Amino acid sequence: MLTMKRSELFTKTFKTVSAEETSRNAQLLLRAGYIHKELAGVYTYLPLGLKVLEKIKNIIRTEMNAIGGQEMLMSTLQNKELWEATDRWSDSKVDIWFKTELAAGGQLGLAPTHEEPVTAIMTEYIASYKDLPRYVYQFQTKFRNELRAKSGIMRTREFVMKDMYSFSKNQEEHDEFYEKSIKAYHKVYEQIGIGDITYKTFASGGIFSKYSHEFQTLCAAGEDIVYVNQDKSLVINEEVFDDETLAEFGAKKTDFSPKKAAEVGNIFSLGFKYSKPLKLEYANKDDAKQTVYMGCYGIGVSRLMGVVAEIFSDEKGLIWPENLAPFQVYLLGIGKTDKEAEELYETLTKQGVEVLFDDRADVRVGEKMADAELLGMPYRVVVSEKSLAAGKVELKRRAGDEAPLLLTKDALFAKLESAVRNFGNQS
RNA sequence: CGGGGUGUGGCGCAGUUGGUAGCGCGCCGCGUUUGGGACGCGGAGGCCGUCCGUUCAAGUCGGAUCACCCCGACCA
């Protein structure tokens with residue numbers, strides 16, 4: 001679905017949204033028909049929303065593959081025994097489980113994360129140092145029974161996550177990959193358009209490593225507070241922003257200022273936390289049994305979409321970065337230009353430009369313009385009798401406030417050339 | 001889970017001292033319009049979140065319950 005006619009696209013825009021819905025990302029995505037709210041913290045992704053999600057996934061997929069990741073897809077339903085082995089089944093230990101009963105008897109859980117199953121799988125596939133290292137990842141729907149869902153699609157009970165797991169012979173091998181993953185993450189955020197406001201931060205690492213790293217995007221709607229030092233080279237999460245941490249980095253409290261931020265990634269050195277209880281071992285060259293050293297690397301894909309909607313939007317609607325927009329161009333005709341607009345649509349389609357053609361005959365110009373702004377495609381192309389008489393069409397960027405350009409079709413094609421790149425070639 | 005708020009046609013809302021529900025948007029039909037969410041005329045569409053109670057009578061009063069929103073707590 002590279003191009004589409006608006007009259008055929010399954011979506012609808014709304015002028016109003018419930019006064020209860022205060023989160024900007026939810027308001028805009030609901031009004032623009034990208035998502036549908038099912039329950040608190042549970043959303044359906046409609047065709048437009050799914051396209052954005054898929055584009056984010058493709059950016060991540062490319063970078064994960066580039067550092068050796070191999071994509072797979074694990075199950076949602078979880079084996080209780082596996083999680084008992086690591087003492088993470090009990091609700092007193094992990095309080096966000098959704099659990100359910102098997103008709104034949106017995107309990108299952110809906111996966112909140114996948115360390116246990118992936119480690120168990122690997123015991124079947126890793127036996128020798130020759131089997132290492134291995135890096136696998138997936139895009140999977142996670143379930144977390146949050147006490148309180150909030151902020152639209154930024155904190156939900158059901159969400160899409162990219163989770164990668166690394167299996168290394170030892171810490172040195174792991175550290176090398178961990179550094180690569182950091183670079184890959186930065187590349188992902190850059191392509192999404194939030195590279196300059198997304199920082200790798202020091203966060204609490206739990207019991208098994210002192211720190212983990214998070215990737216935090218500065219965003220007023222974020223739930224977290226990060227402390228950014230003056231030259232932005234060091235960013236520390238609030239929960240570990242104390243004298244001890246500062247001493248470790250030789251930094252002074254006064255060099256930092258607090259900022260609201262949203263967590264868009266989190267990477268952990270897991271060490272032997274899961275490989276030990278689940279007995280994931282390999283034989284080295286001397287046939288001595290070694291425990292596999294693990295790491296995990298998450299990105300909340302659907303949350304990321306929410307963060308982007310928060311950041312790239314204005315009072316009129318969404319403003320998608322080119323790499324994420326469902327379509328590059330919102331095309332519409334004014335006056336008696338049906339034939340010419342249709343022709344331009346076909347030409348752009350042939351050229352591989354992702355275009356949404358608002359061909360609705362019974363809709364007035366104002367509504368089409370308003371929709372173009374609400375839906376937030378990077379470019380708007382208008383075909384009118386006036387401009388056609390001059391042999392031209394009108395091009396306007398959604399972002400910024402530049403006046404529309406009057407261009408010949410050839411000039412238009414040249415301008416849109418950069419937009420031809422297609423990140424979302426799914427379905 | 002503590003505190004606060006909200007549930008009424010598809011969506012957004014109003015509904016007075018209790019008397020059997022209304023507005024805007026959207027939708028359907030006809031006509032006029034057509035560079036910024038047009039207008040006229042005619043229509044369709046609701047057991048007022050759910051249950052129990054008070055009453056001759058409940059959207060409205062009482063109780064319970066469910067759902068949703070916000071603040072806080074929580075968040076490998």
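**Figure 1. Helix 2 and helix 7 cross in a right-handed manner.** A crossing is right-handed if the near helix is turned clockwise from the far one by less than a right angle, and left-handed if anticlockwise. The model is predicted: local features need pLDDT of at least 70 and side-chain atom pairs count only at pLDDT 80 or more, whereas totals for chains, interfaces and linings use all residues. Residues are numbered from 1 along each chain as its sequence is written, and chains are lettered from A and ligands numbered from 1 in the order in which they are written. Helices (H or I, at least four residues) and strands (E, at least two) are DSSP runs, numbered from the N terminus. The two helices pack at an angle of about 110 degrees, with their axes 10 Å apart. Helix 2 is therefore roughly perpendicular to helix 7. Axes are lines fitted to C-alpha atoms, for helices over the stretch in contact, and angles run from 0 to 180 degrees between N-to-C directions. Angles under 35 degrees count as roughly parallel, over 145 as roughly antiparallel, 65 to 115 as roughly perpendicular and the rest as oblique. Val 52, Leu 53, Ile 56 and Lys 57 of helix 2 meet Val 301, Ser 302, Leu 304 and Met 305 of helix 7; two residues are in contact if their C-beta atoms, placed from the backbone, lie within 7 Å. This contact of helix 2 with helix 7 comprises six nonpolar, one polar and one charged residues. Here Ala, Val, Leu, Ile, Met, Phe, Trp, Tyr, Cys and Pro count as nonpolar, Asp, Glu, Lys and Arg as charged, and the others, Gly among them, as polar.

**Figure 2. Helix 2 (residues 47-66) packs with helix 5 (residues 171-192).** The angle between the two is about 150 degrees, and their axes are 9 Å apart. Helix 2 is thus roughly antiparallel to helix 5. The crossing of helix 2 with helix 5 is right-handed. From helix 2, Ile 56, Ile 59, Ile 60, Glu 63, Met 64 and Ala 66 take part, and they meet Ala 184, Lys 187, Val 188, Gln 191 and Ile 192 of helix 5. Eight nonpolar, one polar and two charged residues make up the contact of helix 2 with helix 5.

**Figure 3. Helix 1 (residues 24-31) packs with helix 7 (residues 301-311).** Their angle is about 90 degrees, and their axes lie 8 Å apart. Helix 1 is therefore roughly perpendicular to helix 7. Arg 24, Asn 25, Leu 28 and Leu 29 of helix 1 make the contact with Gly 306, Ala 309 and Glu 310 of helix 7. The contact of helix 1 with helix 7 has three nonpolar, two polar and two charged residues.

**Figure 4. Helix 9 (residues 365-375) contains buried residues.** Lys 368, Asp 371, Ala 372, Glu 373 and Leu 375 are buried in this helix. A residue is buried if 20 or more other C-beta atoms lie within 10 Å of its own, exposed if 12 or fewer, and partly exposed in between, with C-beta atoms placed from the backbone. Strand 19 (317-318), strand 20 (329-334), strand 21 (355-358) and strand 22 (379-384) are the elements against which the buried residues of helix 9 pack. Gly 376 follows helix 9 and has a positive phi, near 75 degrees.

Figure 5. Most residues other than glycine have a negative phi, and most peptide bonds are trans. Pro 133 is placed in the loop between helix 4 (115-125) and strand 8 (134-143). The loop holding Asp 87 runs between helix 3 (80-85) and strand 6 (98-101). Asp 87 is exposed because 10 other C-beta atoms lie within 10 Å. Asp 287 is found in the loop between strand 15 (281-283) and strand 16 (289-291). With 7 C-beta neighbours inside 10 Å, Asp 287 is likewise exposed.

**Figure 6. Thr 245 lies in helix 6 (residues 243-249).** Thr 245 counts as partly exposed because it has 18 C-beta neighbours inside 10 Å. Leaving aside neighbours within four places in sequence, Thr 245 is in contact with Phe 202, Ile 236 and Val 240. Phe 202 and Thr 245 are 43 residues apart in sequence and 9.3 Å apart in space, C-alpha to C-alpha.
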